[in-house]
Amino acid sequence: MREVPVSGASIREVPVRGASLRDLARRIDAATPPDRDRAVDALRALAILGVVLGHWLVTALVIDGGGLRGAGPLQHLPRLAPISWLFQTLAVFFLVGGQMGASSHAFARAHGTTYGKWLGARLSRLFRPVAALLTLWTVAAVCMLASGTGLETVTTLLDLVLSPLWFLLVFAALTAATPLVARLHPLWPLAVVLHIDLFRFGLGGPAWPGWTNVAAGWLVPYCLGAAWARGEFRSRTCGWVLLTVGIAATAGLVLFAGYPAAMVGVPGAPVSNLNPPTLAAVAFGLAQCGAALLLLGPLRRVLQRPLAWAAVAVVNLSAMTVFLWHQTALMAVTATGLLAGTALPGLHTVPDGFGWVLARIAWLPVFAVALLVCWGAFRTYEQRRPRNGSRVVRTHEPAGEREMDRA
């Protein structure tokens, strides 16, 4: 017998040896607490997978003078900017994070759990996998430098590994601030982003105040998630308003205010919508949040099917592992491809044509296999065991977060 966990939380022990896929899916479905909002898990899974696919499509490591340097197809093919609209899904992740953070904190307070214990429990699952990643890549960087690998190549690889960690730092900070921001109206951080951009771009001010938007920009969907937890989005009208206003504002800012069309950073571009977040990125995030809220009903209906729910549960079980190691998977495939002795299309070549795009799409399954290997090696760092060795049953939605020893 083996325990089947869901979204980082075990639901209960079920027999799996010799079971068919459909049978296992039915058991996972039956073991899932009835008050769990499966659509929330689905949105989180979609957000993580969107980031992963987006990075795999817009990140290239090009052979340059015997080493590797970073490049991006959007730099050479600006017409592909709409791809970034599909795969830049961070706003949805912050929306779900706000909903779950506010719900779990309210539940913890109601049951006498201290702030310190609540925060420690929520952050520990974030930073245990990070420690494993940093340890491995510290050793790898030292070994590469000692073996004569060029500093530029090592720097490029480390940048790809470490750059996604900014997201975790911001998410951790907002999680810690949940008691302060849980009832903050999203218009307040939105107003901060608006005034910062007006100062930077409209009045020709310096660029450094824009880094305030790293907190304020992602606080907008986080506050929307907290409002969702309070039950303020029961009507689909709210989703339609967010979607319509977000699309209209984003289109206006791109077409008439000079904001870039790409919702991710583009090498060499004078302005990035993401680093730090601009008003256009925040407006686009509002549209994404509206779309996410509108999808709740359809997702809940689809996830009544055991196979669909089992797939979502598996992704959520190791969401942080997938997020942290997906760039390592890309680099492992790229490095292995160097053994061919020639630049492989879509892997080592300059991303300056649609042929590269087609070739890169063909490499996606290979990246997925490499990520599966990383998942097998490092997923245990994300799964917590109590000191007595038993697993934990934890539900997050809608009642908040509660834990109990499994029967």
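Colleague: What volume does the largest pocket have?

Modeller: About 1000 Å³. Bear in mind that this is a predicted model. The lining comprises 41 residues, and His55, Ser163, Val264, Gly265 and Leu274 lie nearest the centre. Among the elements giving two or more residues to that lining are α2 (38-58), α8 (165-176) and α11 (212-229). The largest share, four residues, comes from α2.

Colleague: What is the make-up of the lining by class?

Modeller: The lining has 24 nonpolar, 16 polar and one charged residues.

Colleague: Why is the aromatic pair of phenylalanine 94 and tryptophan 218 called stacked?

Modeller: The ring centres are 5.1 Å apart and the planes make 15°. Pairing needs centres within 6.5 Å, and stacked needs planes under 30 degrees apart, so this pair is stacked. Phenylalanine 94 sits in helix α5 (residues 90-110) and tryptophan 218 in helix α11, 124 residues apart.

Colleague: How do you know whether phenylalanine 94 is buried or exposed?

Modeller: Its relative accessibility is 0%. Buried means under 20%, so phenylalanine 94 is buried. Tryptophan 218, at 4%, also counts as buried.

Colleague: What makes the pair of phenylalanine 167 and phenylalanine 171 tilted?

Modeller: Their planes stand at 35°, with centres 6.2 Å apart. Stacked is under 30 degrees and edge-to-face over 60, so 35° counts as tilted. Both residues lie in helix α8, four residues apart, about one turn of the helix.

Colleague: Which residues form one aromatic cluster?

Modeller: Phe93, Phe94, Trp166, Phe167, Phe171, Trp218 and Phe323. The whole structure holds 14 aromatic pairs.

Conventions: Residues are numbered from 1 along each chain as its sequence is written. This is a predicted model: local features need pLDDT of at least 70, side-chain atom pairs count only at pLDDT 80 or more; totals for chains, interfaces and linings use all residues. Side-chain values use heavy atoms; hydrogens and water are left out. On a 1 Å grid over the protein atoms alone, a cavity is a set of points where a 1.4 Å probe fits but cannot get out, and a pocket is an open set with protein on both sides within 12 Å along at least five of seven lines; lining residues have an atom within 4 Å of a point. Grid points are joined across faces, edges and corners, and a volume is the space filled by probe spheres set on the points. Ala, Val, Leu, Ile, Met, Phe, Trp, Tyr, Cys and Pro count as nonpolar, Asp, Glu, Lys and Arg as charged, and the others, Gly among them, as polar. Rings of Phe, Tyr and Trp (its six-membered ring) pair if their centres lie within 6.5 Å; planes under 30 degrees apart count as stacked, over 60 as edge-to-face and the rest as tilted. Buried means under 20% relative accessible area, exposed over 50%, partly exposed in between (1.4 Å probe, protein chains only).
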